[in-house]
Amino acid sequence: MTLQSNSKPKTMNMITIGNADWKEKFVEMLWLYGEPSLTHLDECVTFKDKHLPSKIYKFINLDNMSRVIKSIEDNKIYLNSPSNFNDPYDSMCKLSIARLLIVIRRQAKLHKAIKERLNFNYCKNTSQDISLKLKTFKKEQRENLDNEKDRILNRFKDILLISCFTEDYQSVLMWAHYAKNHTGICIEYDISGLNELHILRRGLHPVIYNNKMIDITSLIFRQLNNQPINLLLILKSTIYKSINWSYEKEWRLLIKKSSNNYIIAPKPTKIFLGSKIDGNNELILRKHCDRLLIDVSKMRHSEHEHKMIHY
């Protein structure tokens, strides 16, 4: 899902934002009144755009070498469901069954009060109808929510597709985790010259590292009452991750799930080869990059600090 709006940019008073980190300010701007807000969407995107890094990097393993080569040639970036990521908490939300049941019980009491206060003969059929449906609804929802909580949360995770990037191509951990123990590659994209509306700028969002999970109970309230669901709340769940992952310095490209699981991107500006890359894979990649006029550098381990450098 990229942030889209047909409205003209609006001005908001930045004094109300406070002195939080710019990423938190960005989120506060989206949820200006405690709810996801499209009113200031264009201004939020412009604010975020000012803080985008000039270059982003994507680590890739070479298990499917032919696909990697094809994606580089076709300038494609593939996206995936967070359900397939290595973090079981990725895009995971909190759902309070207890809060849902409280609302259901309150609805039951409200309908009972209406039944007692209105003319019984006039609304006899209607009130009996409501009471019966509510009783059935209450029982069914309790059973369904208890039994299907995980299914609801997993379906929620699959609404968006994600592609992950980082600001740091020299991270030893990133090379180990995402380039298959330094045998893969890292692709550099220069996004500094892209138009603000380009999907790789507008759809790119910073990850905020925080151990609190996003509560989607209010979303389920809306669904139960047939109210529209604001997809910005789903976005919020995807850009919050545990502080244990803060070393990744991650940025995420987010799009709504569709038939395509890729975007067309600008040509890579450079490809970094892992320090332990297979010799044959290195030859193949260098050959293709020479033909495509893409710079290639090979990583090696610094002798002075725990950091990857290249030559």
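# Helices, loops and burial in a predicted model

Colleague: At 45% relative accessibility, does Lys257 count as buried, exposed or partly exposed?
Modeller: This is a predicted model, and in it the relative accessibility of Lys257 is computed as 45%. A residue is called buried under 20% and exposed over 50%, with partly exposed in between.

Colleague: Where along the chain does Lys257 lie, and which residues does Lys257 touch, not counting residues up to four places away in sequence?
Modeller: Lys257 sits in the loop that joins strand 10 (250–256) to strand 11 (262–264). The C-alpha atom of Lys257 is separated by 9.4 Å from that of Leu79, although these residues are 178 residues apart along the chain. Once residues up to four places away in sequence are set aside, Lys257 touches Asp158, Ile159, Leu160 and Leu161.

Colleague: Among contacts in the protein chain between residues at least 6 apart in sequence, what percentage join residues at least 24 apart?
Modeller: The protein chain has 311 residues, of which 45% count as buried, and its secondary structure comes to 10 helices and 14 strands. If we take the contacts in the protein chain between residues at least 6 apart in sequence, the share that joins residues at least 24 apart is 81%.

Colleague: Are helix 1 and helix 2 roughly parallel or roughly antiparallel to each other?
Modeller: Helix 1 (residues 22–30) packs with helix 2 (residues 41–49) at an angle of about 170 degrees, and their axes are 9 Å apart. An angle over 145 degrees counts as roughly antiparallel, whereas one under 35 degrees counts as roughly parallel. The relation of helix 1 to helix 2 is therefore roughly antiparallel.

Colleague: Which residues of helix 1 and of helix 2 make the contact, and how many of them are nonpolar, polar and charged?
Modeller: From helix 1 the contact takes in Trp22, Lys25, Phe26, Met29 and Leu30, while helix 2 contributes Leu41, Glu43, Cys44, Phe47 and Lys48. Sorted by class, the residues in the contact of helix 1 with helix 2 are seven nonpolar, no polar and three charged.

Colleague: Within what arc do the buried residues of helix 1 fall, seen down its axis?
Modeller: In helix 1 the buried residues are Trp22, Lys23, Phe26, Val27, Met29 and Leu30. An α-helix has 3.6 residues a turn, so residues three or four places apart point the same way. Looking down the axis of helix 1, one finds that its buried residues line one face of the helix, because they fall within an arc of 160 degrees.

Colleague: At the start of helix 1, which residue has a side-chain oxygen that reaches to within 2.9 Å of the backbone nitrogen of Lys23?
Modeller: The backbone nitrogen to look for belongs to Lys23, at the start of helix 1. The side-chain oxygen that comes to within 2.9 Å of that nitrogen belongs to Asp21.

Colleague: Which elements are included in what covers the buried residues of helix 3?
Modeller: Helix 3 (residues 65–73) has Met65, Val68, Ile69, Ser71 and Ile72 as buried residues. Seen down the axis of helix 3, these buried residues fall within an arc of 165 degrees, so they line one face of the helix. The elements that cover them include strand 1 (55–60), strand 2 (76–78), strand 5 (185–190), strand 12 (270–273) and helix 10 (279–292).

Colleague: Lys70 lies in helix 3, but is Lys70 buried or partly exposed?
Modeller: Lys70 belongs to helix 3, and its C-alpha atom is 10.0 Å from that of His288, which is 218 residues apart from Lys70 in sequence. Because its relative accessible area is 45%, Lys70 is partly exposed.

Colleague: Phi of Asn75 and phi of Ser91 are both positive, but which of these residues is buried?
Modeller: Most residues other than glycine have a negative phi, whereas phi is near 55 degrees in Asn75 and near 60 degrees in Ser91. Asn75 is found in the loop between helix 3 and strand 2, and with a relative accessible area of 22% Asn75 is partly exposed. The loop between strand 2 and strand 3 (93–94) holds Ser91. With a relative accessible area of 1%, the buried residue is Ser91.

Notes: Residues numbered from 1 in each chain as written. Predicted model: local features only at pLDDT ≥ 70, side-chain atom pairs only at ≥ 80, totals over all residues. Heavy atoms only, no water. Axes fitted to C-alpha atoms, helices over the stretch in contact; angles between N-to-C directions. Helix = DSSP H or I, 4+ residues; strand = E, 2+ residues; numbered from the N terminus. Parallel < 35°, antiparallel > 145°, perpendicular 65-115°, else oblique. Contact = heavy atoms within 4.5 Å. Nonpolar A, V, L, I, M, F, W, Y, C, P; charged D, E, K, R; others polar. Buried < 20%, exposed > 50% of the residue type's maximum accessible area, 1.4 Å probe, protein only. Arc of directions from axis to C-beta. Polar contact = N/O pair within 3.5 Å; in protein donor to acceptor, adjacent residues only side chain to side chain.
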